Amino acid sequence: MNPPVGQRKLRLATTSLAGCFGCHMSLLDIDERLFELLDRVDLDRSPLTDIKHCGPCDIGLIEGGICNAENIHVLREFRQQCKVLIAVGACAINGGLPAQRNHLDLGQCLQEVYLTAPGIVGGRIPDDPELPLPLNQVHPIHEIVRIDYFIPGCPPSGDAIWKFLTDLLDGRTPRLGHPLLHFD
Amino acid sequence: MNTPTLLLDGLPVPFSVGQTIMEAATAAGIFIPHLCHHPDFKPQGSCKLCTVKANGRYVSACTMPAKDGMEVENNSPDLNDKRRTLLQMLFVEGNHFCPSCEKSGDCLLQALAYELEMLTAHFPQFYPDRPVDASHPEVLLDFNRCILCELCVRASREVDGKNVFALSGRGIGKHLIVNAESGRLADTGFSLADKAAHVCPVGVILAKRRGFLQPIGCRRYDRQPIGMQFASPPGSGGNGPEH
Ligand code: SF4
Ligand code: SF4
Ligand code: FES
C-alpha cells in the first residue's frame with residue numbers, strides 16, 4: 001500500500017550494540033503486524049536488511065548498551081542520521097546484563113576468560129587491530145548521546161514495541177501503561 | 001463535635017486526631033506513593049516519596065500529622081514529577097538490574113516506577129561495587145539494591161529485638177551494615193522467621209532456594225498496578241499498603 005499523497009513513507013533504522021538481539025526478536029514478535037509496519041515505513045540500516053551504514057532516517061531503534069569503541073561510533077552515526085532516536089530494552093537504558101561486569105576489573109575478566117579458565121590450553125587474549133577496544137565499564141546509551149524515547153523491558157514485549165511505534169507513527173505521544181511497562 | 005476532616009485532592013477525608021496524612025489517606029483507600037513507610041513501624045520520613053503539598057508547603061505525608069481543614073495535594077503532575085526524579089536517583093545509586101532480580105514483579109521500587117511511568121533512570125549510573133553476603137544458610141543479602149529505607153533496621157530492633165541491621169556512613173557513603181564483628185549475616189542471630197526477613201521492599205533480603213518461584217505474569221504487580229491494589233478493600237486480592 002502506498003502512503004497517502006503528499007505523505008512520504010518514513011524511514012526506520014535499527015541496530016544492536018551491547019545486547020543479545022532479544023529486543024530485535026521482540027520486534028519480530030509483532031508477527032503479522034510486520035506487514036502493516038512495512039506498509040508505513042521503509043527499513044534502512046538494520047540486521048534485517050544488512051545495510052552497513054545508516055542513511056538519513058526518521059526513526060532509529062537502538063538495542064544494547066555501550067561496551068566498546070565501535071558501539072560509540074555506531075551510536076553517534078545513528079544520532080546524526082535519525083530524527084527520533086529510541087532506546088529499546090534494559091541494556092540500552094541502564095546497561096542491563098552486560099553492565100553487571102562493571103564492578104569487575106576488565107583486565108582480569110579478559111585473563112580469566114582467555115587464559116586461566118579451566119580447560120584453556122595455550123590461550124591468548126585477542127588483540128587483532130580489527131577488534132573494537134572494550135571499555136572499562138558498560139554504559140547506557142543516553143550517557144553518550146541525546147535519546148528521545150525509551151522502551152523498557154528485557155526485552156520489551158512485541159506488543160509494547162507495537163504500541164509505542166504505532167503511537168509514534170499516528171502522531172500520538174507514545175505511552176506504555178500497565179501491563180506493557182515492564183523492566184524485566 | 002464534628003469528625004476532623006482534611007481535603008485530599010479536593011476530596012474530604014475524615015481522620016482521628018493523632019493520625020498522619022498517610023494514615024488518614026490509607027484508611028480512606030487513597031494511595032500516596034511511599035517507600036520507607038510501613039504501617040507496622042514508626043515513620044521515619046527518609047525517602048520523601050510520599051511528599052505532598054499541605055496548605056501550600058511540601059511535607060512528608062508519613063510524618064505530618066493531619067489537621068482539620070488541611071488542604072492536601074497528592075496526585076498532581078508537579079508532585080509526581082518530583083517523585084519520579086527521586087525514583088530515578090534511587091535507581092542510579094544502586095545496581096538495579098531488574099531482569100536478574102528475584103524481587104522483580106514484587107518490588108515496591110519497581111512498582112512505583114511503573115505507577116509513575118518512569119521509563120529511564122535519566123541520570124548517569126553510579127554502578128557501585130557492593131559485594132553480596134551469602135554467608136547465612138537461609139538468607140541472601142544483595143546490598144546492590146538497598147535503598148536505605150531502614151525497614152529492616154526498624155523491624156529487627158522493634159519487633160525481633162535483635163538489632164541485626166544498621167546504617168553506617170554519611171551522604172553517598174551511607175550503607176547498610178550487619179551488626180557482627182565479622183560483618184557477616186551468618187554471625188548474627190538472624191533467622192528466616194524474623195520480621196526483618198520479610199519487610200525489605202526491594203530485592204536485598206532474599207530467602208534462599210525459592211527464587212523466581214512465581215512465573216512472570218503472575219507476580220504481584222503483574223496482576224495489578226500498585227495504585228489500584230492499594231485502593232482495593234481487604235480480601236479482594238490487593239492487600240493494602242503491606243509489601
Ligand atoms: S530491587 Fe526492585 S528495582 Fe531493584 S533490581 Fe530488584 S526489581 Fe529492580
Ligand atoms: S535492606 Fe531492604 S529493608 Fe533494609 S534498608 Fe535496605 S532496602 Fe530497606
Ligand atoms: S514514605 Fe514518607 S518519607 Fe518515605
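Guide: In this predicted model, A:L12 stands opposite A:L43, a residue of β2(A). Strand β1 of chain A, residues 10-16, runs parallel to β2(A) and is joined to β2(A) by three bridges.

Visitor: What makes β1 and β2 of chain A a pair?

Guide: Pairing requires at least two bridges between two strands, and three bridges join β1 to β2(A), so the two strands count as paired.

Visitor: Which strands form the open sheet of chain A, and in what order?

Guide: The order of the five strands is β2-β1-β3-β5-β7, with parallel pairing. At the edges stand β2 (41-43) and β7 (149-151) of chain A, each of which pairs on one side only. Leaving direction aside, neighbouring strands of this sheet are turned by 30 degrees against each other on average. Helix α2 of chain A, residues 33-40, lies across β1 and β2 of chain A and runs at about 95 degrees to β2(A).

Visitor: Why does B:G94 count as buried?

Guide: The limit for a buried residue is under 20% relative accessible area, and B:G94 counts as buried because its relative accessibility is 2%. B:G94 is found in the loop between α2 (77-93) and α3 (108-115) of chain B, and B:G94 touches B:Q125, B:P128, B:R130 and B:N144, leaving aside residues up to four places away in sequence.

Visitor: How is the shell around ligand 2 divided by class?

Guide: The shell around ligand 2 has 11 nonpolar residues, no polar residues and one charged residue; among the residues around ligand 2 are B:C146, B:I147, B:E150 and B:P201.

Methods:
Residues numbered from 1 in each chain as written. Chains lettered and ligands numbered in written order. Predicted model: local features only at pLDDT ≥ 70, side-chain atom pairs only at ≥ 80, totals over all residues. Heavy atoms only, no water. Near = heavy atom within 4 Å. Nonpolar A, V, L, I, M, F, W, Y, C, P; charged D, E, K, R; others polar. Helix = DSSP H or I, 4+ residues; strand = E, 2+ residues; numbered from the N terminus. Buried < 20%, exposed > 50% of the residue type's maximum accessible area, 1.4 Å probe, protein only. Contact = heavy atoms within 4.5 Å. Axes fitted to C-alpha atoms, helices over the stretch in contact; angles between N-to-C directions.
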